[in-house]
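Good morning, and thank you for joining.

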Amino acid sequence: MRYISTPSLRFLTLLLFLALPTAQAGQSVNLETTMKNMGLAYKQAHRAEDSDSLLRHLDELAALTDAARQASFPEDKAELFRQGLDEVRAAIDEAQAAVRADDQALARQHLARIDDLRKQYHRERRVSWWRILFG
């Protein structure tokens, strides 16, 4: 019996994971799951110790960001959330360019920008008690 090595298994899992958003393009995006996966990809990118793994996690984060942009949002905040995802995508692109230019420090600055955007737009997502009580 032949076993698949752990790195090969990880690679196959990553390919399957990245193929799912395109395979389900006609279906709605589970935004909560996508956002959790984005958080995981961000953490892995933040912890990456070499350029190859950092770039791999940034690629995954980019694909998830593109998938999240396809989700349905509440009408009153849809434009705002898509704008935020566009800003995150731009920061990811800049981080990827920095990694390719072998500038880890600049890539880390772009990662910090992504985290700042996450915090900013998560605050926008919260519904205030005043709005719940008084509409």
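What span should the 22 residues of helix α5 have, and how far apart are its end C-alpha atoms? Helix α5, residues 104-125, should span 32 Å at 1.5 Å a residue, and its end C-alpha atoms lie 31 Å apart, which agrees. The expected span is 1.5 Å times one less than the number of residues, and helices are DSSP runs of H or I of at least four residues, numbered from the N terminus.

A word on the source. This is a predicted model, in which local features need pLDDT of at least 70 and side-chain atom pairs pLDDT 80 or more, while totals for chains, interfaces and linings use all residues. Residues are numbered from 1 along each chain as its sequence is written, and side-chain values use heavy atoms, without hydrogens and water.

Now to the faces of α5. Buried here means under 20% relative accessible area, exposed over 50%, and partly exposed in between, with a 1.4 Å probe and protein chains only. The buried residues of α5 are A107, H110, L111, I114, D115, L117 and Y121. They cover an arc of only 160° around the axis, which puts them on the same side of α5; the arc is that of the directions from the helix axis to the C-beta atoms. On the other side of α5, A105, Q109 and R123 are exposed. The buried residues pack against α2, α3 and α4, where contact means heavy atoms within 4.5 Å.

For the chain overall, there are six helices and zero strands. Buried residues make up 30% of its 135 residues.

Definitions and conventions. Helix = DSSP H or I, 4+ residues; strand = E, 2+ residues; numbered from the N terminus.
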